[in-house]
Amino acid sequence: MVRIRVLVVDDHRIFAESLAAALAAEPDVDVSAAGSGPAALRCLERAVAEGRRFDVLLVDADLGGVAGAVPAQREPGAGPPPPASDGIALVAGVRVAHPGVRTVVLAERDDPRRAAHALQAGASGWVAKDCSLSRLLAVIRGVLREETHLPPALLTGVLRELTAARKHRTDSERLVESLTPREHEVLRCMVAGLGRKDVAARLFLSPHTVRTHMQNVLGKLGVHSTLAAVALARRAGVRPADLAGDVVERSGQLA
């Protein structure tokens with residue numbers, strides 16, 4: 001019998017232990033539990049080292065957060081707000097570090113926007129916490145067959161959110177393409193969190209020249225602050241400047 005290894009990640013201990021116990025009663029399921037994102041990542045790394053990789057993560061959407069939390073005020077033009085929790089951030093991290101692991105988000109309530117964020121982060125499913133055990137097992141087995149699972153009532157809303165996100169990305173990419181190569185380089189430094197003086201030092205330019213480039217970047221992107229420019233750049237897929245690689249390169253030149 002092929003066994004399915006599941007990791008339940010939820011900071012509500014009673015819920016996590018109850019769910020783990022219910023799943024463990026299945027003859028083909030092995031279950032572990034973690035109470036936080038860092039603990040989950042440690043479990044994943046340990047499992048890899050021991051040759052016992054997990055197959056599926058069940059992640060609390062509000063892991064370490066508060067359901068329905070009011071998002072902080074954002075800059076104009078910064079795009080749709082990110083999820084209020086770090087459960088979906090864990091999904092994104094697992095997607096990069098452990099691409100073979102399927103993730104399913106467990107949520108207190110259905111929310112098309114957050115479900116869309118979860119899918120974009122790499123989740124294979126979104127399931128209500130009060131669903132039946134048989135439904136959850138069907139989802140677990142389904143995502144291992146490369147299926148994506150969403151409650152039928154969420155489908156239309158999620159598709160609308162994903163379509164809007166794609167349009168935002170396309171518009172952002174078009175604006176970024178209007179930048180000159182030097183302006184694009186400055187934007188990458190901004191995405192990496194560098195201030196004007198640091199950008200000047202890295203690109204061997206005067207602070208005045210960098211200021212001019214930054215003003216040009218904001219103007220071409222149609223935003224009024226660095227924060228909004230960085231948000232737009234991230235939507236367009238602009239990668240931050242590789243600061244670590246730059247340090248290594250300069251160290252080699254000094255040597």
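A residue is called buried when its relative accessible area is under 20%, exposed when that area is over 50%, and partly exposed in between. By this criterion, buried residues account for 40% of the 255 residues in the protein. The model is a predicted one.

**Overall arrangement**

The protein contains eleven helices and five strands. Of the contacts between residues at least 6 apart in sequence, 72% join residues at least 24 apart.

The five strands form an open sheet in the order 2-1-3-4-5, and their pairing is parallel. Strand 2 (29-34) and strand 5 (125-128) stand at the edges; each has a single partner strand, so one side of each is left without a neighbour in the sheet. On average, and with direction ignored, neighbouring strands are turned by 25° against each other.

Helix 1 (residues 13-24) packs on this sheet, where it touches strand 1 (4-9), strand 2, strand 3 and strand 4. The direction of helix 1 makes about 170° with that of strand 2.

Five bridges pair it in the parallel sense with strand 3 (residues 56-60). Within that pairing, Val 59 stands opposite Val 105 of strand 4, and Val 56 stands opposite Arg 102 of strand 4. Strand 4 is also joined to strand 5 by four bridges, and these two strands run parallel. There, Val 104 has Gly 125 of strand 5 as its bridge partner.

How many of the six residues of strand 4 are buried? Six of the six are, so the strand is largely enclosed by the rest of the structure. Both of its faces are covered: one side carries the buried residues Arg 102, Val 104 and Leu 106, while the other carries Thr 103, Val 105 and Ala 107, which are buried as well.

Helix 4 (residues 112-121) has Arg 114, Ala 115, Ala 116, His 117, Ala 118 and Ala 121 as buried residues. Just after this helix, Gly 122 adopts a positive phi of about 120°.

Helix 9 (residues 207-221) can be checked for its length. Its 15 residues, at 1.5 Å a residue, should span 21 Å, and the C-alpha atoms at its ends are 21 Å apart, which agrees. The buried residues of helix 9 are Val 210, His 213, Met 214, Val 217, Leu 218 and Leu 221. Viewed down the axis of helix 9, its buried residues fall within an arc of 135°, so they line one face of the helix. In general, an α-helix has 3.6 residues a turn, so residues three or four places apart point the same way. On the other side of helix 9, His 208 and Gly 219 are exposed. Gly 222 follows this helix, with a positive phi near 75°.

**Salt bridges**

A search of the whole structure finds twelve salt bridges.

| Glu 146 | Arg 102 | 2.6 Å |

The side chains of Glu 146 and Arg 102 meet in a salt bridge. Glu 146 counts as exposed because its relative accessibility is 58%, whereas Arg 102, at 18%, counts as buried.

Glu 147 is partly exposed at 29% relative accessibility, and Arg 145 is exposed at 52%.

Glu 183 is buried, with a relative accessible area of 5%, while Lys 220 is partly exposed at 32%.

Which residues are linked in a network of salt bridges? They are Asp 10, Asp 60, Glu 108 and Lys 129.

Note on methods:
Residues are numbered from 1 along each chain as its sequence is written. This is a predicted model: local features need pLDDT of at least 70, side-chain atom pairs count only at pLDDT 80 or more; totals for chains, interfaces and linings use all residues. Side-chain values use heavy atoms; hydrogens and water are left out. Buried means under 20% relative accessible area, exposed over 50%, partly exposed in between (1.4 Å probe, protein chains only). A salt bridge is a side-chain nitrogen of Lys or Arg within 4 Å of a carboxyl oxygen of Asp or Glu. The expected span of a helix is 1.5 Å times one less than its number of residues. The arc is that of the directions from the helix axis to the C-beta atoms. Two strands pair if DSSP finds at least two bridges between them. Axes are lines fitted to C-alpha atoms, for helices over the stretch in contact, and angles run from 0 to 180 degrees between N-to-C directions. Contact means heavy atoms within 4.5 Å.
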